[in-house]
Amino acid sequence: MAFYIVQFLTGLASAASLFLVASGLSIIFGVTRIVNFAHGAFYMLGAYVAFTLTERLSGALGFWGGIVAAALIVAAIGVLVEMVLLRRIYHAPELFQLLATFGLTLMVEDLVVLIWGPDDLLGRRAPGFKGAVDFFGQNVPSYDLFLIVLGPVVLGILWLLFQRTRWGVLVRAATQDRDMVAALGVNQKWLFTSVFALGVFLAALGGALQIPRDAVNHAMDLRVIVEVFVVVVIGGLGSIIGAFVAAVLVSELNAFGILIFPKISIILVFLVMAVVLIVRPWGLFGKPEAPARRTPGLTVNPWRPLTTNERFAALAALVVAAALPLFAGNYALTVGSEIAIFVIFAVSLHFLMSVGGLASFGHAAYFGLGAYGIAFLAKMAGLPMIVSLLLGPLLGLLGAAVFGFFAVQLSGVYFAMLTLAFAQIVWSIAFQWVSVTGGDNGILGVWPEKWAAGPSHFYWLSLGIAALAVVILRIIVFSPFGYALRATRDSPLRSESIGINAKRIQWTAFVIAGTTAGVAGALFAYLKGSVFPDNMGIPLSVDALVMVLLGGVETVSGAVIGAIVYKALNIWLVSQTEWSKLVLGGFVVLIVVAFPKGIVGTLESMMNRRGNSTPAKPAILTSRIETAE
Amino acid sequence: MRGYFVGAGLAIALAGMAGPAMAQSGEIKIGEINSYSLLPAFTEPYRKGWQLAVEEVNAAGGINGKKLVVISKDDGGKPADAQTAANELVSSENVAMLAGTFLSNIGLAVSDFANQKKVFFLAAEPLTDAITWSKGNKYTFRLRPSNYMQAAMLVEEAAKLPAKRWATIAPNYEYGQSAVAVFKKLMSEKRPDIQWVDEQWPPQGKIDAGPVVQAVAAANPEAILNVTFGADLVKLVREGNTRGLFKDRKVVSFLTGEPEYLDPLKDETPEGWIVTGYPWYAIKTPEHDAFLKAYQAKYNDYPRLGSIVGYQTIKSAAAILAKANSTDPEKLIAATEGLQVASPFGEITFRKIDHQSTLGAFVGKTALKDGKGVMVDSVYRKGADYLPSDAEVEKLRPKD
């Protein structure tokens with residue numbers, strides 16, 4: 001019995017550290033709607049700064065003072081980031097801020113290695129909480145007890161702050177209706193800055209408090225960020241109590257789960273999230289999202305098919321691209337194939353995001369399923385390449401059909417997180433089912449047949465399929481189905497009233513996007529000659545998101561440019577510099593500032609401004625639509 | 001209109017990469033790939049190690065008069081990116097051979113690439129047995145003692161312990177899984193009387209150490225096998241120390257004696273663990289002294305195991321290139337099979353039968369000295385003594 005109580009307490013201690021970080025993320029998202037990918041980076045910075053301070057300052061006061069000072073210093077950095085960077089892009093399309101915070105995260109990962117060196121750092125134990133307390137023969141670390149108390153204390157302070165202060169009232173009001181708060185004359189800028197500062201403070205404090213238990217290292221951010229997001233979503237976005245309950249739930253399930261299934265930790269949080277979101281679409285304590293005032297995909301410039309001239313230009317560009325083998329070497333051609341494959345992958349996600357208004361955080365699942373489809377068909381069933389290429393993506397289709405059915409029941413960030421959960425479940429199956437998938441050692445030897453093996457042949461194959469994919473998706477965008485899909489995106493209510501079955505349309509779109517991603521994955525398997533669980537991992541899903549956002553989410557096929565720019569730059573930087581993440585992150589941040597609608601989106605509106613002297617008209621139209629919602 | 005961008009973008013993107021870098025006749029290039037950005041704690045000393053080797057090789061007149069050049073690329077910890085890098089090295093840099101890699105899946109990906117493109121590949125660090133056995137191919141050689149070899153070295157010591165009830169803690173991925181599997185198999189052969197009472201599989205890099213330590217303690221084992229390393233190891237040790245998990249229990253641990261993983265434990269280093277590692281401070285051989293002196297003179301820092309691996313990878317590669325006196329992959333393979341090379345750990349051989357080198361490892365016990373973790377009573381175990389019989393290896397490895 002004593003063992004179970006101690007295991008429960010251990011789970012509570014884990015929950016407390018998780019909650020500290022999660023609460024900050026939840027507050028930031030609730031008010032600013034920023035999906036703050038950099039939250040993990042702030043957590044890590046908190047740990048690093050606290051390490052330095054606690055090593056310099058001596059005694060108990062030095063330790064605790066160092067922890068708090070570290071959190072304050074990092075919060076100040078957060079304020080700087082918010083004022084210099086994020087303020088510029090609050091009005092950019094939804095999720096665009098994700099791009100900025102993603103760039104920051106990349107930079108911080110390299111910066112901490114530059115500043116603090118590559119070694120894992122062991123911080124001091126907390127003065128006064130070094131040992132353990134005997135509990136019926138079981139040892140409970142006293143630091144765990146400290147954390148168990150701290151969690152609810154922070155929860156209480158936050159509750160008081162939000163319920164009993166004027167600032168808290170304003171924050172809650174802004175969480176519910178930002179525009180109304182602004183209309184009532186509240187200075188939004190400072191409200192947002194202060195909320196961001198509080199959120200970052202909590203993240204950094206969470207990181208700093210890990211010093212006595214953890215090793216400070218440059219991978220801390222990625223370790224925590226996804227899990228924290230999951231906790232926030234399980235609890236319900238913007239709900240602090242929800243985040244607390246979710247942290248306890250997840251930690252306890254893990255603490256007791258490993259007693260029965262020692263391998264459960266790798267997937268547990270995602271399983272819990274999938275179940276919770278299917279049963280309660282807005283998390284445990286969340287409320288249905290208020291209808292968006294600014295519809296996400298509503299463009300100032302209505303979409304139109306390409307004019308004849310533009311079609312010729314596109315064709316000419318394709319011909320130029322197809323002529324590459326005439327003057328480029330094998331390496332350039334292989335990189336070209338990879339870029340073409342990522343163009344397919346990015347446009348498939350772009351279709352879902354911009355036309356369907358459904359941002360998926362787990363799109364790599366279908367890419368990976370396509371790749372594994374190829375591996376199974378070509379390697380195990382021994383089918384010829386053409387047949388495999390045609391059938392392989394069907395695994396992506398199957399996955400998209402099953403998961404899409406559940407995912408489209410949700411919307412917004414909940415939709416995104418459910419797709420992430422599904423992707424992680426698929427990933428963990430590929431990772432764990434060693435006898436079939438080879439586990440993380442993957443499936444090797446999936447090379448193309450002779451007719452496609454040469455770099456130029458494979459390049460033409462990839463380029464041809466990429467062009468085909470872009471054309472087909474564009475045709476779908478401007479087909480009746482595409483219009484119906486845009487209708488469900490722009491106004492669920494009105495589309496329903498004219499007889500559009502929104503869920504069904506969205507489900508179909510999800511399957512189309514998943515299959516297209518599967519095609520990309522299938523080609524990728526042949527390009528690399530091997531398939532790994534990495535092919536469906538979170539980093540790949542994030543890459544796809546970045547490509548779409550970089551190109552411009554409000555365009556018809558901006559993802560093409562986003563994919564080319566991001567992938568080419570990534571490959572080039574990794575090859576050329578030691579600090580590729582720092583440079584790439586910096587570049588992403590610069591693009592965010594310079595092209596607040598994405599590269600293509602911003603260029604398009606610049607051209608339209610030049611060509612059209614009365615740009616005000618569509619804007620007025622949109623605002624009317626907004627009022628009518 | 002978008003079309004302009006597609007073409008222009010592709011053209012710009014590729015023009016930069018198109019420049020073919022022809023090998024100058026006066027130099028020989030080796031293409032090196034490793035997870036520099038993902039695992040700097042290991043790869044920084046590793047880089048220093050191979051840079052020292054390049055300097056020494058060229059100071060001694062290069063390779064049959066030609067200058068040795070190493071072109072190094074980062075794989076970011078992703079197999080797919082490692083292949084992109086390998087392709088660049090082979091296609092545009094025209095390297096004579098590939099070398100390096102740390103993670104097992106990346107090692108396997110590059111090895112498969114090498115097999116497909118018929119390029120010589122000297123795997124430096126990946127520990128998986130598959131790279132020389134079940135998925136071995138004729139173009140791939142491996143330097144470091146494999147999972148099997150390190151397990152066999154540890155089992156030799158572990159079998160002497162009286163402990164009968166064993167628990168295992170290992171990261172949940174191929175390395176951890178196969179380390180535990182081999183250890184269990186070899187251990188049960190030597191000691192049919194032991195019981196495996198618990199196993200814990202925390203995700204790599206994400207151990208929730210408290211519950212794991214509690215769960216292992218609840219099974220009340222007499223001895224524990226640990227395979228975690230890096231930040232996970234630090235967390236496990238800290239929780240274990242606080243909760244008294246290691247008190248009166250024997251622990252056998254993979255890699256923990258390597259300075260990369262032992263040094264961060266500082267004054268929390270648990271005493272008496274049986275580990276494999278690299279006690280650079282306690283090795284008194286002329287070969288190692290020479291290496292140590294050169295390394296410390298150049299970097300003003302002590303070597304980690306990564307330094308040895310990096311150093312020996314390039315030293316071996318140079319010996320191979322010199323013996324083959326050609327960059328033809330077939331000749332390189334012929335030169336490597338059975339090749340004997342000097343190393344800081346003494347002479348090693350690249351076996352013909354499975355392309356594994358006989359580089360060994362040090363087995364010893366952890367101890368605390370002046371608030372720092374060290375390895376004591378360490379003995380060098382030659383790799384050749386810890387490999388299965390040739391008949392068994394033949395069965396494990398596919399025919400070329």
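This is a predicted model: local features need pLDDT of at least 70, side-chain atom pairs count only at pLDDT 80 or more; totals for chains, interfaces and linings use all residues.
## Basis of the model

Local features need pLDDT of at least 70 and side-chain atom pairs count only at pLDDT 80 or more, whereas totals for chains, interfaces and linings use all residues. Residues are numbered from 1 along each chain as its sequence is written, and chains are lettered from A and ligands numbered from 1 in the order in which they are written.

## Chain B overall

Chain B has 13 helices and 14 strands; helices (H or I, at least four residues) and strands (E, at least two) are DSSP runs, numbered from the N terminus. Its radius of gyration is 22 Å, close to the 21 Å given by the globule rule for 400 residues, so chain B is as compact as a globular protein of that length. The radius is taken over C-alpha atoms, and the rule is 2.2 Å times the number of residues to the power 0.38. Along the principal axes, the C-alpha atoms of chain B fill a box of roughly 65 × 60 × 45 Å.

Of the 400 residues of chain B, 62% are buried. A residue is buried if 20 or more other C-beta atoms lie within 10 Å of its own, exposed if 12 or fewer, and partly exposed in between, with C-beta atoms placed from the backbone. Among contacts in chain B with a separation of 6 or more, 69% join residues 24 or more positions apart; a contact requires C-beta atoms, placed from the backbone, within 7 Å.

## Interface between the chains

The contact between the chains involves 80 residues of chain A and 74 residues of chain B. On the chain A side there are 43 nonpolar, 23 polar and 14 charged residues. Ala, Val, Leu, Ile, Met, Phe, Trp, Tyr, Cys and Pro count as nonpolar, Asp, Glu, Lys and Arg as charged, and the others, Gly among them, as polar.

## Domains of chain A

Chain A is divided into domain 1 (2–279) and domain 2 (326–611), with bounds from an automatic or database domain assignment. Their centres, taken over C-alpha atoms, are separated by 31 Å. In the contact between them, 32 residues of domain 1 meet 33 residues of domain 2. On the domain 1 side, helices H4 (96–116), H9 (220–235) and H11 (268–279) of chain A each give two or more residues. H4(A) gives the most, with 12 residues. This side divides into 27 nonpolar, 1 polar and 4 charged residues.

## Domains of chain B

In chain B, domain 1 is 25–145 + 285–360 and domain 2 is 148–279 + 361–386. The centres of these domains, over C-alpha atoms, lie 28 Å apart. Their contact takes 17 residues from domain 1 and 16 residues from domain 2. The domain 1 side of chain B has 8 nonpolar, 7 polar and 2 charged residues.

## A sheet in chain B

An open sheet of 7 strands has the order S7-S6-S8-S9-S10-S13-S14 (chain B), with mixed pairing; two strands pair if DSSP finds at least two bridges between them. Strands S7 (195–200) and S14 (372–381) of chain B stand at the edges with a single partner strand each, so one side of each lacks a neighbour in the sheet.

Strands S6 (residues 165–169) and S8 (residues 223–226) of chain B pair in the parallel sense over 4 bridges. Within this pair, Trp166(B) has Ala223(B) in S8(B) as its bridge partner.

Key. Two residues are in contact if their C-beta atoms, placed from the backbone, lie within 7 Å.
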